[in-house]
Amino acid sequence: MSGNTATAPSARPGSRDTARGPGVLLLALVLLGTAGLAALVVRPDVAEPPFQGLDDRWLAWMGGPHEGLYAAVASALNWFGGPVGALVPLALLILLLVRGRWVSAGFLLAVYLGGNLLVVQALKHLVDRPRPANPLVRVDHGSFPSGHAATAALLVVAVGVLLVPAARRRAWWLGGAAFTLAMMWSRTWLHAHWLTDTVAGAAAGAGAGLLAWWIFQPALAREGVRTHGRRGAAERARVGRDG
C-alpha cells in the first residue's frame with residue numbers, strides 16, 4: 001500500500017485508472033439495484049420473505065459453539081464495525097484536511113455520509129425487518145441491510161481510492177472482498193443479522209462507494225495533478241538550496 005493519499009498515482013503519465021469508465025458506473029448501479037430490489041422483496045412480508053428458508057438454514061449452521069477463536073474474531077469485527085471502526089475514516093479525514101486535500105476529504109465524507117445515511121439507513125427504515133432471535137451483541141432496530149457489512153465495503157472502496165495506487169488495486173480489491181466476507185460471516189455468527197441482510201449491506205455499501213468514486217474521479221485526478229506538481233516544485237527548490 002502506498003502512503004500517498006488520493007489520486008496522485010492516477011495523475012502520473014502512463015498510469016491507468018479506469019474509475020471514470022462505464023464499467024465502474026455499471027457495477028455501482030447493479031450493486032445498488034440489487035440491494036434496492038432485495039428491499040422491495042422483503043418489505044411486503046418482513047417476517048417471512050421468499051428467501052427466509054435460506055436464512056433459517058444459514059442461521060442454523062451458525063449455531064455455535066460461540067467460543068474460542070471464532071468468538072474472538074467475531075467480537076473484534078463487531079467492534080471494528082462500530083465505534084472503533086469510525087476512527088479509521090476520522091483519522092484519514094484529518095490527514096486529508098491537514099494536507100489540504102479538500103476534494104479527497106469531500107469524497108470521503110460523501111462515501112460515509114451518503115452511503116450510511118442516504119442508502120443504508122434509508123433501506124433500514126423502509127424495510128424494518130426483525131432481527132434473528134437472541135443476538136449475541138447489542139443491536140438496534142432493523143435487520144435489513146447490515147450496517148456493519150455496508151461499512152466494511154465502504155471502507156474498502158474509500159481506502160482503495162485514497163491510498164492504493166491504481167496498479168495495485170486488484171490485490172486490494174481481493175483482500176477487501178475477503179475482509180467484507182469475514183464481516184458478513186461475523187454478523188450472522190453473532191445472530192445479529194440474517195444472511196441476506198449482510199449480502200444486501202455489502203452490495204449497498206460497495207455500490208454507494210463506487211458511485212461516489214465515479215462522480216468524484218475527475219476532481220480527484222485534478223487534485224492529484226496539483227499535489228504532484230507542488231511536491232515536484234518543492235523537491236526542486238530543496239535540491240537547488242542544497243546544491
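The predicted model holds 3 salt bridges, a salt bridge being a side-chain nitrogen of Lys or Arg within 4 Å of a carboxyl oxygen of Asp or Glu. Salt bridges that share partners join Asp55, Arg129 and Asp197 into one network. The protein has 9 helices and 0 strands, where helices (H or I, at least four residues) and strands (E, at least two) are DSSP runs numbered from the N terminus.

This is a predicted model in which local features need pLDDT of at least 70 and side-chain atom pairs count only at pLDDT 80 or more, while totals for chains, interfaces and linings use all residues. Residues are numbered from 1 along each chain as its sequence is written, and side-chain values use heavy atoms, with hydrogens and water left out.

**Salt bridges**

- Arg129 pairs with Asp55, and their closest N and O atoms are 2.8 Å apart.
- Asp197 is buried, as is Arg129.
- Asp140 forms a salt bridge with Arg131, with 2.8 Å between the closest N and O atoms.
- Asp140 counts as partly exposed because its relative accessibility is 48%, and Arg131 counts as buried because its value is 17%.

**Overall make-up**

- Along the sequence the elements follow the pattern α-α-α-α-α-α-α-α-α.
- Of the 243 residues in the protein, 46% are buried.
- Among contacts with a separation of 6 or more, 79% are between residues 24 or more positions apart, a contact being heavy atoms within 4.5 Å.

- Two packed helices are described by the angle between their axes and the distance between the axes.
- Axes are lines fitted to C-alpha atoms, for helices over the stretch in contact, and angles run from 0 to 180 degrees between N-to-C directions.
- Helix α2 (residues 22–42) packs with helix α6 (residues 102–127) at an angle of about 15°, and their axes are 9 Å apart.
- α2 and α6 are therefore roughly parallel to each other; angles under 35 degrees count as roughly parallel, over 145 as roughly antiparallel, 65 to 115 as roughly perpendicular and the rest as oblique.
- Leu32, Ala35, Ala39 and Val42 of α2 make the contact with Val119, Leu123, Leu126 and Val127 of α6.
- The residues of this contact of α2 with α6 are 8 nonpolar, no polar and no charged (Ala, Val, Leu, Ile, Met, Phe, Trp, Tyr, Cys and Pro count as nonpolar, Asp, Glu, Lys and Arg as charged, and the others, Gly among them, as polar).

**Helices α4 and α8**

- The axes of helix α4 (residues 68–80) and helix α8 (residues 169–189) cross at roughly 105° and come within 9 Å.
- That angle makes α4 roughly perpendicular to α8.
- Tyr70, Ala71, Val73, Ala74, Leu77, Asn78 and Phe80 of α4 meet Phe179, Ala182, Met183, Trp185, Ser186, Arg187 and Trp189 of α8.
- By class, the contact of α4 with α8 has 11 nonpolar, 2 polar and 1 charged residues.

Definitions and conventions
Buried means under 20% relative accessible area, exposed over 50%, partly exposed in between (1.4 Å probe, protein chains only).
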